[in-house]
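Welcome, and please have your viewer ready. We will take this one selection at a time.

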Amino acid sequence: VRTQVIDPDGDTVQVYLITGPNNGGAAAIQMTREGLTNWYTANIPYEAMASSGIQMQVTATDSNGQTSFVPSSTIFKYPASSN
């Protein structure tokens, strides 16, 4: 998974991928920054995949403790959220 995270104030951020099978359980995996860019990557572990699908959400917390989630309201569940 690859995502772009831009902090409007230029603060440093910690970025995590929250993922797991749709039928329950989730883990937060720290995403790695690509050099000095605003892009972050993480590999989805095999254990997160199930016949019921997979859930994913990205969270970013800046150095002041402000946290954002994408998607912000509910976790993305594949394939149900894909339409």
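Two strands pair if DSSP finds at least two bridges between them; strands (E, at least two residues) are themselves DSSP runs, numbered from the N terminus. Before you click, note that this is a predicted model, in which local features need pLDDT of at least 70, side-chain atom pairs count only at pLDDT 80 or more, and totals for chains, interfaces and linings use all residues. Residues are numbered from 1 along each chain as its sequence is written, and side-chain values use heavy atoms, leaving out hydrogens and water.

Start by selecting Thr 3: its bridge partner in strand 5 is Tyr 40. Strand 1 and strand 5 (residues 39–41) run antiparallel over three bridges. Now widen the view to an open sheet of three strands, in the order 1-5-4, with antiparallel pairing. Its edge strands, each pairing on one side only, are strand 1 (2–4) and strand 4 (32–33).

Next, select Ile 18, whose bridge partner in strand 3 is Ala 28. Here strand 2 and strand 3 (residues 27–30) pair in the antiparallel sense over four bridges. Five residues lie between the strands of this hairpin, where Gly 24 takes a positive phi near 130 degrees.

Then show the side chains of the largest nonpolar core, which has twelve residues, including Val 13, Tyr 40, Ala 42 and Met 56. Such a core is a set of buried Ala, Val, Leu, Ile, Met, Phe, Trp, Tyr and Cys residues joined through side-chain atoms within 4.5 Å, where buried means under 20% relative accessible area (1.4 Å probe, protein chains only). Strand 2 (13–21) and strand 6 (54–62) are the elements giving two or more residues to this core.

Key: Buried < 20%, exposed > 50% of the residue type's maximum accessible area, 1.4 Å probe, protein only.
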